[in-house]
Amino acid sequence: MPAMLPPALLAHTVAAAFAPTGVLAQGPQALHPRAGQQAMAQAVAQAIDDAATLVVEAGTGVGKTFAYLVPALLSGRKVVVSTATKALQDQLFERDLPQLLQRLGLPLRAARLKGRSSYLCLHRLKNIHQSRSPHDPQVLRQIAQVQQWALATSTGDMAELPGLPEALLPLVTSTRSNCVGRDCAFWADCHVNRARTQALQADVCVVNHHLFFADQQLQDEGVAPLLPQAGVVIVDEAHQLNDTGVQFAGTTLSTRQLLGFARDAMAVTTEHARGLHPWLDALVALEQTVQHWSATAATVPLGVRQSWLSASPQGVDAAQWTAQLHRVGRSLRLVWQALGSVQEAAPALAQLQARAGQLLHTLALFAHPAPVDSVRWLDRQARHLVLTQAPLTVAPLLQAIVQAGSTPQAWVFTSATLGDSDDLQWFTRTCGLPEARTLRVASPFDYATQASLYVPPDAPPVQAQAAHSAFVARLAQVGAQQLGGRTLVLTTTLKALAAIGQQLQQQLGAAGGLFTAIDVLVQGQGSKHALLERFRQGTVQGRGCVLVASATFWEGVDIAGDALQLLIIDKLPFAPPDDPLVQARTHQLEGLGLNAFTDYLLPEAAMALKQGVGRLIRSETDQGMVVVADTRLLEKAYGPRLLAALPPMRLLTSHEAWQERLQQLQALR
């Protein structure tokens, strides 16, 4: 690590790097001067000099990654960068950091640290076949692939084996609860330990938000922490920080965890305690009670956070739920007691008993009412139940992390969307950073020329779900046929996703004659990576492309060029009022005398809408149209606030204007 630059000299050095004749403007990948990028870089440099906290909203195209990396790397301090997604984490480590370090001439050591579940566990791989239930041939072939790769990999990063099914990963990776720890025969060769050692020794380390919060917990467990060592901590994609922190600070229990424990217990007791207890009977009984417990929630809709305000989740018979939960507890306690009687026979048995005790403790938590400052819900997945209890805000946890450093630190939180007001209160208030410096840097794109916003005046009310989805599908069909695909439809619900996707596949899949045949891609019918790769290709062998998606496609999706010209958003993205977390935060704000709609629901919707609209224009040459098929945007009193949060696009409100803009876009092809 080079020597730390004195105050004022860092700002001068950063300015020189970004200057028209500076190192970043040289060579084949020269940066073009951007006033917004330079302003952000200077603000970051000043925050580093002052060991201050800075919150920056940097619009699309500002180049925020280089704006924070250049001053951080030149500062001479240890740098930690946290991102929300593995995609950005990989981009930073594999592309941006090497490029900048080379151009700046800095011999710094860089490391990338992912979560435990991203690395191969050699112990679990060795014991993978010690299971009561035999694996099917397809799983065995995949396991053999992992075993062959394990002989050659130096990192153990499961991302080196793309295409492995999600269901296989828990078999070959570890969690905090099932890690054997220092008693493991592979402790010296553990990929997680090696990755963490490299991160601690590096000058620059790229982590993700979950690890960002886990660092404090690891410190409490006696593991050397990463964040307190850093002189500069940068949180990119900071708009996701609160949600990630709430999930991390919460408590989760799933039936998958309980069944996984039973599976692991069968393997460990077979190896170390055979004949010392009727393990098969006890563990089969545990599995059966877990399955019976799951059955009591069979009426809960899939993929929906089911509110849990009393003894049982909403819509679940309280007597049955409680009785089955207690049966699971009794079965688990019997296994825990039996393990206690044999735990001295092997370290793996002691570790297994501790794991059973932790599961018992968590199960007991969900058997009692939730604390008043938290919220609880149930999520039923295809084969499992997930129980969650979470705090209402991440502010206390984040404040503790920011204040944990023993030496002065600079903190930079940045994203393309951090609020719908100049003071960025949506972020600073939620995360407990009221004293932070704030800066908004506008996008350099000419949205008034490059993009239009169309609000169809004849769109059905959003409450008429079937009619509204059919209307959105017809809009997408007309636009896609005229543009030869190049259309992305973002929905606010999975129900709308399915309805719109099905109608488009029926209407466009076999189109011919005057129109280009079009591939209609629908989220869930392929991996996110595969869907985006096909969409980015545009027209392939005469076939255009439409993508219908929801959830994670609203942000972090970059489709530059003419592969995307028409972006349709089905309706304003207000949070579901029956979502347990939304309900709890609403009640909390009302108890403080605030207006939950204007102080919470509306800013959240503005943020989400801004994220979705941001998928369209990704470069200075992009041209396109956004359609928001929700007349409330123009008819309701809150409409101007939502419009003000969006880029300054030309507003279209008539069918004729829509057709004219389609023709203009068609002419660009």
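This is a predicted model: local features need pLDDT of at least 70, side-chain atom pairs count only at pLDDT 80 or more; totals for chains, interfaces and linings use all residues.

Q: How many cavities of 30 Å³ or more does the structure hold?
A: A cavity is a space where a probe fits but cannot get out. This structure holds five of 30 Å³ or more. Of the 17 residues lining the largest cavity, C121, S174, C179, C184 and C190 are the closest to its centre.

Q: Which elements give two or more residues to the lining of the largest cavity?
A: They are α5 (122-126) and α8 (191-201). Helix α8 gives the most, with three residues.

Q: What classes of residue make up the lining of the largest cavity?
A: Eleven residues of the lining are nonpolar, five are polar and one is charged.

Q: Which residues line the second largest cavity?
A: This cavity holds about 60 Å³ of space. Its lining is made up of F18, A19, L24, A25, L31, H32, P33, R34, Q37 and Q38. By class, six of them are nonpolar, three are polar and one is charged.

Q: Is R196 buried or exposed?
A: The test is relative accessible area, and buried means under 20%. R196 has 13%, so R196 is buried. This residue is placed in helix α8, the element that gives the most residues to the lining of the largest cavity.

Q: With which side chain does the side chain of R196 make a polar contact?
A: The partner is the side chain of D215, at 3.0 Å.

Q: Which residues of helix α15 are buried?
A: First, the general idea. An α-helix has 3.6 residues a turn, so residues three or four places apart point the same way. In α15, which spans residues 395-402, the buried residues are A395, L398, I401 and V402. Viewed down the axis of α15, these buried residues fall within an arc of 130°, so they line one face of the helix.

Q: How is R650 classed by relative accessibility?
A: Partly exposed covers the range between buried, under 20%, and exposed, over 50%. R650 has a relative accessibility of 41% and so counts as partly exposed. R650 lies in strand β18, residues 650-652.

Q: Which residues is R650 in contact with, leaving aside its neighbours within four places in sequence?
A: The contacts of R650 are A448, A451, S452, L453, R661 and Q664.

Q: How far apart are R650 and L140?
A: Separation can be given in sequence or in space. R650 and L140 are 510 residues apart in sequence, and their C-alpha atoms are 57 Å apart in space.

How values were computed. Residues are numbered from 1 along each chain as its sequence is written. Side-chain values use heavy atoms; hydrogens and water are left out. On a 1 Å grid over the protein atoms alone, a cavity is a set of points where a 1.4 Å probe fits but cannot get out, and a pocket is an open set with protein on both sides within 12 Å along at least five of seven lines; lining residues have an atom within 4 Å of a point. Grid points are joined across faces, edges and corners, and a volume is the space filled by probe spheres set on the points. Helices (H or I, at least four residues) and strands (E, at least two) are DSSP runs, numbered from the N terminus. Ala, Val, Leu, Ile, Met, Phe, Trp, Tyr, Cys and Pro count as nonpolar, Asp, Glu, Lys and Arg as charged, and the others, Gly among them, as polar. Buried means under 20% relative accessible area, exposed over 50%, partly exposed in between (1.4 Å probe, protein chains only). A polar contact is a pair of N or O atoms within 3.5 Å; within protein, one must be able to donate a hydrogen and the other to accept it, and residues adjacent in sequence count only if both atoms are side-chain atoms. The arc is that of the directions from the helix axis to the C-beta atoms. Contact means heavy atoms within 4.5 Å.
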